[in-house]
Amino acid sequence: MAGFGWRVGSKVQRWCRSCFRGFSSAAIPSQLENVGFIGLGNMGSHMARNLITAGYKVTVHDINENSMKKFSDDGIPTKQSPLEVSMSSDVVITMLPSSSHVLEVYNGTNGLLGGGSHLGPWLYIDSSTVDPQTSRKISTAISRCHLKENKGYAENPMILDAPVSGGVPAAEAAKLTFMVGGLEEAYLAAKPLLLSMGKRAIYCGGAGNGSAAKICNNMAMAISMLGVSEAFALGQNLGIKASTLTDIFNCSSARCWSSDTYNPVPGVMEGVPSSRNYDGGFTSKLMAKDLDLAMASASGVGFKCPMGSEALEIYRKLCGDGCELKDFSCAFRHYYAGKDEE
């Protein structure tokens with residue numbers, strides 16, 4: 001990556017440090033002011049709204065016209081293609097369902113790179129959950145490009161892979177955790193922007209490392225949810241109420257996010273997908289996709305993941321049984337035949 005990014009010790013690094021120290025919603029650095037946001041699904045729509053609330057000038061695009069209309073009705077500029085978004089943006093953020101969508105948005109007709117090798121935005125941030133290879137492929141493509149105009153604070157366009165954890169509730173409340181791969185200087189410059197959408201940003205290393213961290217996180221999350229669901233269902237079969245087990249888990253060694261924050265048993269916790277028939281959360285289809293990414297990445301480096309492989313098979317079965325659009329915590333009811341708490 002020689003020649004990619006910023007001069008070491010240059011004024012751009014000094015700007016980066018000073019803008020992070022002095023950042024507030026009332027004083028957005030001009031280099032971050034105009035943000036293009038592509039992908040207005042369950043996650044992206046909230047993330048874009050939080051940027052708007054923080055004072056950024058946001059332009060949006062989505063293939064779903066109804067999703068864009070919700071923004072245009074509020075006076076937010078919308079564009080008909082990723083390329084059009086890039087023309088009015090300093091920074092472009094993408095939040096898309098899969099690797100194929102990311103590649104299409106960047107490399108497809110009227111994609112972000114469709115205008116040739118000279119780009120307008122100086123920073124691209126992909127918050128989609130994709131395999132590390134896709135992130136590195138896009139990073140390589142960006143590294144071969146140049147800026148249309150001399151920005152003074154950046155020599156060449158840069159990209160970060162910055163997937164998130166926390167789900168839809170955290171996206172809505174601006175409490176996401178970002179796992180970030182790419183140049184550390186770009187990460188530091190982007191941090192004020194990321195912290196307008198989340199509570200924490202963690203630098204993971206070079207290009208693709210953010211994506212690697214995310215698929216490892218989601219594999220662990222899936223295995224944890226299945227383990228907790230299995231234990232709750234076993235407890236019910238042994239005569240123990242799930243609410244009682246929840247109290248025990250949450251003050252004992254079994255405590256975890258799946259028990260104390262995202263409980264899968266209907267009737268135990270309010271405000272989570274299990275309280276609304278498993279609607280409105282992180283779908284089983286997306287979990288199966290993320291587990292497939294993890295297993296493919298593991299295979300690529302010759303690493304065996306027996307528990308991850310079993311979790312993938314369970315979520316594939318749930319999808320095949322008609323639960324693909326239900327939150328992934330539905331495994332409690334639809335795989336383990338767990339009962340609602342009364």
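Pro-97, Thr-129 and Met-179 supply 37% of what domain 1 buries against domain 2, more than any other three residues.

I noted the ground rules. This is a predicted model, where local features need pLDDT of at least 70, side-chain atom pairs count only at pLDDT 80 or more, and totals for chains, interfaces and linings use all residues. Residues are numbered from 1 along each chain as its sequence is written, and side-chain values use heavy atoms, with hydrogens and water left out.

Next I checked the bounds. Domain 1 covers 30-206 and domain 2 covers 213-336, as given by an automatic or database domain assignment. Their centres, taken over C-alpha atoms, lie 29 Å apart. Domain 1 brings 15 residues to the contact and domain 2 brings 11; contact means heavy atoms within 4.5 Å.

Last, I read the confidence. pLDDT is the predictor's confidence in each residue, from 0 to 100. The protein chain averages 92, and 92% of the residues score at least 70. Residues 1-12 fall below 50, with 33 contacts beyond near neighbours in sequence. Residues 17-26 are also below 50, with 11 such contacts. Where pLDDT is low, the predicted coordinates should not be read in detail.

Terms used: Buried area = accessible area lost by both parts, 1.4 Å probe.
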